[in-house]
Amino acid sequence: MLQGVRCHECGKLSLDAGQPCPFCGSQDGSLVALSGRGRLLSWTVIRVAPGRYAAEAPYAVGLLELPEGLRLTARLAADPEQLTAGQAVAFASLDPARGPIFTPA
Ligand SMILES: [Zn+2]
């Protein structure tokens, strides 16, 4: 499940990354369950990946907007050539090294 954190100081929502609020630095927040649905705003295709990810290239990293009002970047488990702006995506898994992974919905 994808979780966010609602900051008690500034009220903004961010992805739960075990880090202080990225907007104000507060460590005080509440966990919020996210739907895991989203929309693809834009993306970039990584064709030459660093070190341990080299064998996975090419892959796409997208800027997503979730209906909860949160924007995030995430790896897209999809053929980079088949992506279209505005398409629906869904949370697939949380990889310890790669972060959240989304697929076309
Ligand atoms: Zn904050």
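Predicted model: local features only at pLDDT ≥ 70, side-chain atom pairs only at ≥ 80, totals over all residues.
Two strands count as paired if DSSP finds at least two bridges between them. One spot to look for in the structure is Val5, which stands opposite Ser14 in strand 2.

This pair belongs to an open sheet of 3 strands, laid out in the order 2-1-3 with antiparallel pairing. Strand 2 and strand 3 (29–33) sit at the edges with a single partner strand each, so one side of each has no neighbour in the sheet. On average, neighbouring strands here are turned by 35° against each other, ignoring direction.

Next comes the overall layout. The protein splits into domain 1 (1–33) and domain 2 (35–105). Going by C-alpha atoms, the centres of domain 1 and domain 2 are 21 Å apart. Where they touch, domain 1 puts in 5 residues and domain 2 puts in 7 residues. On the domain 1 side, the most comes from strand 2 (residues 13–15), with 3 residues. Sorted by class, that side of domain 1 has 3 nonpolar and 2 polar residues, and no charged ones.

Strand 5 (residues 59–65) and strand 6 (residues 71–76) run antiparallel and are joined by 6 bridges. Within this pair, Leu64 has Leu72 in strand 6 as its bridge partner. Strand 5 and strand 6 also make a hairpin, with 5 residues between them. In its turn, Gly69 has a positive phi of about 95°. For background, most residues other than glycine have a negative phi.

Strand 6 then pairs with strand 8 (residues 99–104), this time in the parallel sense, over 2 bridges. The bridge partner of Leu76 in strand 8 is Phe102. Strand 8 goes on to pair with strand 7 in the antiparallel sense, over 6 bridges. There, Ser93 has Ile101 in strand 8 as its bridge partner.

Some of these names turn up again in the largest nonpolar core, which has 13 residues. Leu64, Leu76 and Phe102 are the ones with the most contacts inside this core. Strand 4 (37–46), strand 5, strand 6 and strand 7 (88–95) each supply at least two of the core's residues.

Leu64 is a handy place to start exploring. Setting aside neighbours within four places in sequence, Leu64 is in contact with Gly38, Arg39, Leu40 and Leu41, among others. The list of contacts of Leu64 also includes Arg71, Leu72 and Ala74, together with Val89 and Phe102.

The peptide bond from Ala57 to Pro58 is cis, with omega near 0°. As a general rule, most peptide bonds are trans. Pro58 itself lies in the loop between strand 4 and strand 5.

Note on methods:
Residues numbered from 1 in each chain as written. Domains from an automatic or database assignment. Contact = placed C-beta atoms within 7 Å. Helix = DSSP H or I, 4+ residues; strand = E, 2+ residues; numbered from the N terminus. Nonpolar A, V, L, I, M, F, W, Y, C, P; charged D, E, K, R; others polar. Core = buried A, V, L, I, M, F, W, Y, C linked by C-beta atoms within 7 Å. Buried ≥ 20, exposed ≤ 12 C-beta atoms within 10 Å, placed from the backbone. Axes fitted to C-alpha atoms, helices over the stretch in contact; angles between N-to-C directions.
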